[in-house]
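Here is a friendly tour of one protein model. Have a look at the fold, then read on for what lies inside.

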Amino acid sequence: MAFYAAPSSESALIQRNSAESLSVTFYSGETAIDADGAVTIGIVDAEGSTVVASGTATTSAGTGIVTYTLAGQSDLNELTATWSGTFGGNAMEFTTQHE
């Protein structure tokens with residue numbers, strides 16, 4: 001069964017100087033699933049500079065739903081979030097885009 005992450009449409013656009021909740025739901029097929037353990041996040045900007053260090057903890061918000069609260073950003077940029085966890089016994093990474 002294929003695993004994938006679907007980002008919340010509300011976390012795609014980030015407002016300047018406002019803390020924003022980034023959220024994804026993990027799926028196996030059409031069913032939302034929890035990771036086998038913790039899910040972490042790392043965020044870089046368009047230039048590859050670290051915004052949030054890889055391995056930063058996230059919060060579970062329901063079956064398959066994981067969130068991270070991004071501190072307010074004064075310089076809006078395209079951001080790439082990498083969500084890492086173990087699903088079905090396999091270590092996996094999923095990326096989402098935010099701007």
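## Inside the core

The largest nonpolar core has 20 residues, and those with the most contacts inside it are F26, I43, L70, W83 and F87. Such a core is a set of buried Ala, Val, Leu, Ile, Met, Phe, Trp, Tyr and Cys residues joined through side-chain atoms within 4.5 Å; buried means under 20% relative accessible area, with a 1.4 Å probe and protein chains only.

The largest share, four residues, comes from β8.

This is a predicted model: local features need pLDDT of at least 70, side-chain atom pairs count only at pLDDT 80 or more, and totals for chains, interfaces and linings use all residues. Residues are numbered from 1 along each chain as its sequence is written, and side-chain values use heavy atoms, leaving out hydrogens and water.

## The whole chain

Zero helices and nine strands make up the secondary structure; strands are DSSP runs of E with at least two residues, helices runs of H or I with at least four, numbered from the N terminus. Along its principal axes, the C-alpha trace spans about 40 × 20 × 20 Å. Of the 99 residues, 36% count as buried. Taking contact as heavy atoms within 4.5 Å, 56% of contacts between residues at least 6 apart in sequence join residues at least 24 apart.

Key:
Buried means under 20% relative accessible area, exposed over 50%, partly exposed in between (1.4 Å probe, protein chains only).
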